[in-house]
Every structure is written in structure tokens, then in C-alpha cells.
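Hi,

Here is the structure I promised to pass on.

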Amino acid sequence: MNTPKSDEHRAVAPPALSPFGSQRYRRTRGLSTLSQSFRSAWQALRSNKLRALLTSLGIIIGVGAVIVMISISAGNAALINQRLSQLSPNELIIRPGSVSAGGVNQGVGTRQILTTQDASAIARQVPGVLAVSPVVGAGNQVIFRNQNWSTLVQGVYPNFQAIDNWQIQQGTFFSSQDELNSRPVAVIGQTVVDNLFTPLGIDPIGQQIRIGNVSFTVIGTLAPKGANGLGNADDVIYVPFSTAQQRLIGGPYVNAINVLGANSSILSGVQNNIQQLLDQRHQITDPTQADFTIQNQEQILQTAQSVNQSLTTLLISVAAVSLLVGGIGIMNIMLVSVTERTREIGIRIAIGARQSDVLLQFLIEAIVMSILGGLVGILLGIGGAIVSAVLTNHPFVLNPLSVLLAFGFAAVVGILFGFYPAQRASRLDPIVALRAE
């Protein structure tokens, strides 16, 4: 007869593990596995330092190249914008067309077709025009004492200063009275100052210079603009238009007509109206056969900015190829590493390591190489950008976004190209792996 067991003899069931305890256990084990994977990966890299360095070389070069290229491009953009900002964005320049001689095109501006009457008609009949100035000019030898310099001498109206956005550094621009009386006065650019007056240490204001056989009094100097993609803007001398026509150049034709529009929003309309007016005055029925061209300064600005953006994209694309090559190098080396460490992988799996543990270890190795390569590449890239800025005398511009982009791309490359070798290592058959020599 069975007697009930006393409470002392009853089997005591183990307490159920609470959900909180189970989660804590899994989290602790996960952290331990991750820490162990990092240690294993770091030990593997330390034991093959040279191979790890050579593997990361592609990432180092790629990241450094991306940063240098973006910095150079940004510096060029800043310099271009600085120089082009000195142009008047609301200015239109009308130039005569070209002449063909013996089947050879002589180039824009060689045809004698534009006159002061054309300039006057534009000022009277085209709405939205604030100022108009005809321009005559030619290269001349300029002499001051024992110094001489060959430069461009242009005759313009007094309002040309506002049209072409010139700032006066010393003295004044010539006035309407100077134009009306054809006075021999001149306003000179900074390059002319540097070559005629700076070597002698003389203030140019009030000095007499000789242009050809005519003496001119310097009444002002222009603030420097620098090179703007159309030549050296500072290598110029401006004199009253009437003075240039009577004493230097002569003839009824002009080299160009500069027009200042009221604002950029109506500039295209002003340009179309000028085109129609000059077509009528020159009796042109087909606009494609016009004997003149109209240059829009705003279009020059937009074109320069577009070219710089395209160049930036090209440079970044070329640099990105280096990162991809570096990623392929990481994948190749990791595949070789898997082959060399087949027996080690088999032992790890045999003593209880899971596929995810092996996968994580090799993936971490690839990521660590990419990240270390990215950090070294950032330092080299910043240093290279500084050296390039100093050598080219361009502004140093470092965009933090480019650094983050290059570093992030390096990390992604490590993950993408390290995943396949890591997955291959994790899927090795432990029995086959243990038999490997």
C-alpha cells in the first residue's frame, strides 16, 4: 500500500527562470560573444600587421583622395565665385561678329559693324536699360619716365564704371565734363600701377603718362579684380570715349557696347529686345546670321558654377573608384585568411562556437581594417588638402560632410566586401575543417 510522501520527500521543481532573467542572460551572453569576437579579430590583425596594412591601403588612398578632391574643388569654387562676383551680373556685352578672309574665320570682334548710333538707340528704345556705353580700345605701349608697359587702353563713357562694377581705389573716375571736352585723363588698373609706379615708389595720382604720342594725366586707380576667366581685368587703362576716338583710335566703329539691365529678372527680355532692335538696324532677317553677338554675364556665372559642379562630381567619382578597389582588396585578403585558418575555424565550431560567432569575428576583422584605413585616410586627406592649398595659393576649404561621407563609405565597404568571406567561414563543415592541414 502506497503511503503519501511527506513534504520533505517531495521532489522540488527548479524555479522557473523569469522572462527578465532570460533576457538578461541572452544579453550578457551576446555582449560576451561580441567582446570575444572583437578580441579574436584584433589578435588576428595584430599577428598579420603588414598584411592588414597593405589590405587597408586601398581604403586609405580612397578616403584621402575623396577628401583632397572635395577640398580642392571647394577651394576652386570659392575662388571662382570670389572673382566672378566682381563681374556685374546684370551686364550685357554686345560684340561685332567675325570676318572671314580666304575661308579663315578671324574671330569674334573683327567685323566693323557696331556704332555709337547703335548704343544711343539701345539707350532710347529698349526698356529696362539703366546705362549704355560704347567701348573702343586697342593695345598700346604706356610710358612713365624710364618705365614702360604694354596694356589695353579703352575709351568708355563715364557710366562704364557702374556698368562694369568697378570700384575706385584712389582718386576718381572721369566725369561727363571730361567726356564732353575730350580731356586727356586716365584711370588705370592695378597691374599698370604695379609695373609703372610701384618700382619707383611713386603715387600715380596726378602723374603724366604717355600713351602712344599723347600725354594723359592719371586721375584715379581701380581696385583690383584679378583674373576672372576672361584674362587679367586689372591690366587696363580707361580714358574718355571721345578722347580715345579723337587722339588714339579714330573711326566711326566701336569694339563693343556694354549695357546694364535694371535687374536679373528682366535681363533675358532686355537681351531679346536688343537683339530685335539691332536686327532691324542692321537689316538682318535671319537671327542666326546676325553680325553681332550678345554676351550675358549671368550666363557666364552660371556656366562657371556648372562646370565646377561637374568637375567636383568627376573628381569624387574617380576617388570613389579607389574605395571600391580597396574593398575588393579586403575581400580577397579575407578569403585568403579564411583558407589559411580553416583548421582554427573547425576547432572553434567543434568546441561550441556557433556559425554566427564565426561570421561576426571575420566581419569585425573586415570592418576594423576599413575603419582604421578610413581614419588614416582622413588624416592624410586633410594634410594633402592643406599642402595643395598652400602650393596652389587657393583657399583651404574643408567640408565636414565630405569627411563623414568618406569615413561612412569606408565602413560600408568593409561590411559589404567582408560579408561574403565571413559567411563562407561560418558555413565550413567542422569535420572537413579539422582535417585541413
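To start with, in which loop is N165 found? N165 sits in the loop between helix 4 and strand 6, with helices (H or I, at least four residues) and strands (E, at least two) taken as DSSP runs and numbered from the N terminus.

Before the rest, some housekeeping. This is a predicted model, where local features need pLDDT of at least 70 and side-chain atom pairs count only at pLDDT 80 or more, while totals for chains, interfaces and linings use all residues. Residues are numbered from 1 along each chain as its sequence is written, and side-chain values use heavy atoms, with hydrogens and water left out.

Back to N165. Its phi is near 60°, a positive value in a residue other than glycine. For context, most residues other than glycine have a negative phi. N165 is partly exposed at 31% relative accessibility; on this scale buried means under 20% relative accessible area, exposed over 50%, and partly exposed in between (1.4 Å probe, protein chains only).

By salt bridge I mean a side-chain nitrogen of Lys or Arg within 4 Å of a carboxyl oxygen of Asp or Glu. K225 lies in the loop between strand 9 (214–222) and strand 10 (236–240), and D164 in the loop between helix 4 (160–163) and strand 6 (168–171), so this contact ties together parts that are 61 residues apart in sequence. K225 is buried, with a relative accessible area of 9%, and D164 counts as buried at 12%.

Ring pairs link W166 with F160, F173, F174 and Y238 into a cluster. Rings of Phe, Tyr and Trp (its six-membered ring) pair if their centres lie within 6.5 Å; planes under 30 degrees apart count as stacked, over 60 as edge-to-face and the rest as tilted. The structure holds six aromatic pairs. One of them is F160 with Y238, a tilted pair at 5.1 Å centre to centre and 55° between the planes. It links distant parts of the chain, with F160 in helix 4 and Y238 in strand 10, 78 residues apart. Both F160 and Y238 are buried. The rings of F173 and F174 have their centres 4.5 Å apart and their planes at 35°, so that pair is tilted. F173 is buried with a relative accessible area of 10%, and F174 counts as buried at 3%.

R281 lies in helix 8 (residues 267–281) and D118 in helix 3 (residues 116–125), so the bridge ties together parts that are 163 residues apart in sequence. R281 is partly exposed at 36% relative accessibility, whereas D118 is buried at 2%. There is also D178 with R183, whose side chains meet at 2.9 Å, N to O. D178 counts as buried at 10%, while R183 is partly exposed at 36%.

Between those two in the numbering is S182, in the loop between helix 5 (176–180) and strand 7 (185–188). S182 has a positive phi of about 55° although it is not a glycine, and S182 is buried, at 8% relative accessible area.

Helix 10 (residues 342–350) has T342, I345, G346 and I349 buried. They cover an arc of only 100° around the axis (from the directions to the C-beta atoms), which puts them on the same side of helix 10. Just after helix 10, G352 takes a positive phi of about 120°.

Finally, L54 in helix 2 (residues 49–84) is exposed, with a relative accessible area of 54%.

Cheers
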